Amino acid sequence: MWSFKLSTAALVLIPAAVGINYIGKTFAGVLKLPLWLDSIGTILASMLAGPVVGALVGLINNIIHGLTQSPISFVYAITQVGIGVVAGVLAKKGYIKNLQTSIIAGLLIGLVAVVISTPLNIIFWGGQTGNIWGDAAFAAMQAKGQSVWLSSLVDEIVVDIPDKIVTVIVCYLIYKGLPQKLTLMYDDQDIQSF
């Protein structure tokens, strides 16, 4: 599970998964969606090839996105690495094997994203996420005199928990639809079969 030796299949998967993340984030940003949709590739790569590959996908995605669209993405590379690691571990342990476990895994991955991102939001952006729905929750909490930490935590929860639940469900459905011949390439690396 923790091998840094990348197979040919993993090396091909990384740019494809980065592209999926990039398109998802761009799509969500252009449409001003209440979700990020920037972790589909990270979580799918984690499910297929493990936590190391998932973490690499998340890191590379945020570097590329930071260079091409928004420098803010650099700050959240650590969040994507955390998402990749947790998703890979959960997949390896069999927690993304049906719709019910996918929802639970999405909740856990979302909580990890919240824990990592909230301090980053406070340090770099005064507590806001930059997502219109989350920032509306932040403004409402601040208007009621709540602390910046609590307001930022709620802001992040409003966006990341639903986003990661939807993302894991989408990844589970994609995985289930992949040809067995493809998924077996990763099973040969001792990756969990679903």
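This is a predicted model: local features need pLDDT of at least 70, side-chain atom pairs count only at pLDDT 80 or more; totals for chains, interfaces and linings use all residues.
Helices (H or I, at least four residues) and strands (E, at least two) are DSSP runs, numbered from the N terminus. Residues are numbered from 1 along each chain as its sequence is written, and side-chain values use heavy atoms, with hydrogens and water left out.

I begin with the overall picture. The chain contains 9 helices and 0 strands. Its 194 residues have a radius of gyration of 16 Å, which agrees with the value near 16 Å for a compact globule of that length; the radius is taken over C-alpha atoms, and the globule rule is 2.2 Å times the number of residues to the power 0.38. Along the principal axes, the C-alpha atoms fill a box of roughly 55 × 35 × 30 Å. Of the 194 residues, 46% count as buried, where buried means under 20% relative accessible area, exposed over 50%, and partly exposed in between (1.4 Å probe, protein chains only).

Next, the annotated spans. An unreviewed UniProt entry carries the annotation "transmembrane region" for residues 35-60, 72-91 and 103-124. UniProt positions are given in the numbering used here, feature names are shortened, and annotations may be inferred rather than shown by experiment. Residues 35-60 are 77% helix and 0% strand, with end C-alpha atoms 20 Å apart. Residues 103-124 are 100% helix and 0% strand, and their end C-alpha atoms lie 30 Å apart.

Which residues does Ile122 touch, leaving aside its neighbours within four places in sequence? Ile122, found in helix H6 (residues 99-125), is in contact (heavy atoms within 4.5 Å) with Gly127, Val148, Trp149 and Ser152. Trp149 is 27 residues from Ile122 in sequence, while their C-alpha atoms are 7.3 Å apart in space.

I now come to the charged side chains. Side chains of opposite charge can pair when their charged atoms come close. A salt bridge is a side-chain nitrogen of Lys or Arg within 4 Å of a carboxyl oxygen of Asp or Glu. How many salt bridges does a search of the whole structure find? The search finds 3.

One of them joins Asp38 and Lys25 at 3.9 Å, N to O. This pair links distant parts of the chain, 13 residues apart: Lys25 is in helix H1, and Asp38 is in the loop between helix H1 (8-30) and helix H2 (40-49). Asp38 counts as buried because its relative accessibility is 10%, whereas Lys25, at 21%, counts as partly exposed.

Asp160, Asp163 and Lys164 are linked in a network of salt bridges. Asp160 meets Lys164 at 2.6 Å, N to O, and Lys164 meets Asp163 at 2.6 Å, N to O. Because Asp160 and Lys164 are 4 residues apart in helix H8 (residues 148-177), about one helical turn separates them. Is Asp160 buried or exposed? Asp160 is buried, with a relative accessible area of 3%. Lys164 counts as buried at 1% relative accessibility, and Asp163 is buried as well.

To finish, Phe74 is in helix H4 (residues 72-75). Phe74 is partly exposed because its relative accessible area is 38%. Thank you for your attention.
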